[in-house]
Amino acid sequence: MSQKIPPGGDTPRRVADSLNRVIEGRTDAYGTVTLSQGTTSTTVYSQYISEDSTICLSPMTSKAAGDLTKIWIASVSNGSFVIGHHSHSDPDLIYRYLWAG
């Protein structure tokens, strides 16, 4: 888990550890989402998502891979993003997400 550095700074060791994690790609800007059943959108929340974030999705199941052409990022705002999708009853539409920005 990434460590936030306080506005007033921190020890050189903590600053170096935090920066090294970011350089190595180990941030908290990712997760897993299962698309909501019976609706046409699913919302993902994180205080670190901003309206300028770029969202990437990767299917985690064969059914999710088959539906890649039926999903899109409908909106991105401060604190959340919305995945648009067709209404379905499949509990196996699971994706990993990653955001930058």
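Predicted model: local features only at pLDDT ≥ 70, side-chain atom pairs only at ≥ 80, totals over all residues.
Local features are given where pLDDT is at least 70, and side-chain atom pairs count only at pLDDT 80 or more. Residues are numbered from 1 along each chain, and side-chain values use heavy atoms, with hydrogens and water left out.

Two strands pair if DSSP finds at least two bridges between them. Strand 3 and strand 6 (residues 94-100) are joined in the antiparallel sense over six bridges. Pro-59 has Tyr-95 in strand 6 as its bridge partner.

**The aromatic rings**

The structure holds two aromatic pairs. Rings of Phe, Tyr and Trp (its six-membered ring) pair if their centres lie within 6.5 Å; planes under 30 degrees apart count as stacked, over 60 as edge-to-face and the rest as tilted.

| Pair | Centres apart | Angle of planes | Type |
|---|---|---|---|
| Phe-81 and Tyr-97 | 5.4 Å | 75° | edge-to-face |
| Tyr-97 and Trp-99 | 6.1 Å | 15° | stacked |

Phe-81 lies in strand 5 (residues 80-85) and Tyr-97 in strand 6, so their pair ties together parts that are 16 residues apart in sequence. Ring pairs link Phe-81, Tyr-97 and Trp-99 into a cluster.

Phe-81 is buried (under 20% relative accessible area, with a 1.4 Å probe and protein chains only; exposed is over 50%, partly exposed in between), at a value of 0%. Tyr-97 counts as buried at 11%, and Trp-99 is buried too.

Technical notes: Helix = DSSP H or I, 4+ residues; strand = E, 2+ residues; numbered from the N terminus.
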